[in-house]
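Colleague: Hey, I'm new to this one. Can you put it up and walk me through some side chains?
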Amino acid sequence: MSSPSTQALNLLPKSVELRQKCKSISALEAILSPDWQYRYFSYQKDWSVSEEVCEIRHGNGDQVLILFTDHGTCINGFAQESKMNGWRNVEVTAARSIVDKLLGRKLQVKTELVQEIPLGVLEGLPKKFNDFIYNDPVKSIGTTFCIWQHARDDDWLIGNAKLPNDEYTDGSKDLLRLLDGNPATYKEWAEEYYEVELKIDQIEAVFNGREITMSFALELNPELSDFEKLQSDLDSIGY
């Protein structure tokens, strides 16, 4: 089955649909994994006054952050195993103080971990996404691929990066596979990840925005014990 990626942008849902799917998957995650830190998907509708963010966290350090605004959507992804990783220890020379100079002390050379984002990945990125990409938490996570869409457009866009000549490339095919909008894709993944059995009609119901009642939540996760917490999580998601 084909997955969305920087090489298959046409398989990504448009921004409005993508936002709804991210919220639906995050709602399912809130049911299947009541403890937030173990969720693969999460969503914050109150990231800021005018911004919402979806987070996809992989256990090995891979991560995706998706920014939704009225002006457009930006997807930042970091794949640890990609050759486009770019994190390096570089030498940093500390400036000498006046006392150091008077005493003849040598410059201290230290190393600092920084990421050199491969050329072309952010080429053409609209300035309106600069704060998101160049500041934390994205800055601390790193970037191996970046995809964006203007609110007025239907097409997803990327820069002009040269991808590694291997199957994994920038990691986008692996990290974005659940964003194809297909309930069956999530069902197959979740059953393996959470070691549960799910019914496709349950997944489809949440994808279609059905109300999540206690009885429905218990069908998905019989061990769920705190429905008030789930309601709070769903409110934070904006589901």
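Predicted model: local features only at pLDDT ≥ 70, side-chain atom pairs only at ≥ 80, totals over all residues.

Colleague: How are Tyr40 and Trp189 arranged as a pair?

Modeller: The pair is tilted, with 4.7 Å centre to centre and 45° between the planes.

Colleague: OK, and which parts does that pair tie together?

Modeller: Tyr40 is in the loop between helix H1 (15-32) and strand E1 (41-44), while Trp189 belongs to helix H6 (residues 183-193), so the pair links parts 149 residues apart in sequence.

Colleague: Are Tyr40 and Trp189 buried or exposed?

Modeller: Both Tyr40 and Trp189 are buried. They also belong to a cluster linked by ring pairs, along with Phe41, Tyr186, Tyr193 and Tyr194.

Colleague: Switching topic: which ring does Arg57 lie over?

Modeller: Arg57 lies over the face of Trp36, 4.0 Å from the ring centre. There's also Arg210, whose charged end sits over the ring of Phe216, at 4.0 Å from its centre.

Colleague: What about Gln63, where is that found?

Modeller: Gln63 is in strand E3, which covers residues 63-69.

Colleague: Why does Gln63 count as buried?

Modeller: Because its relative accessibility is 17%, and the cut-off for buried is under 20%.

Colleague: And which side chain does Gln63 join in a polar contact?

Modeller: That of Glu55, with a polar contact of 2.4 Å between the two side chains. Leaving out residues up to four places away in sequence, Gln63 touches several others, including Arg57, Asn76, Phe78 and Leu175.

Terms used. Residues numbered from 1 in each chain as written. Heavy atoms only, no water. Phe/Tyr/Trp six-rings, centres within 6.5 Å; stacked < 30°, edge-to-face > 60°. Helix = DSSP H or I, 4+ residues; strand = E, 2+ residues; numbered from the N terminus. Buried < 20%, exposed > 50% of the residue type's maximum accessible area, 1.4 Å probe, protein only. Lys NZ or Arg CZ within 6 Å of the ring centre and 35° of its normal. Polar contact = N/O pair within 3.5 Å; in protein donor to acceptor, adjacent residues only side chain to side chain. Contact = heavy atoms within 4.5 Å.
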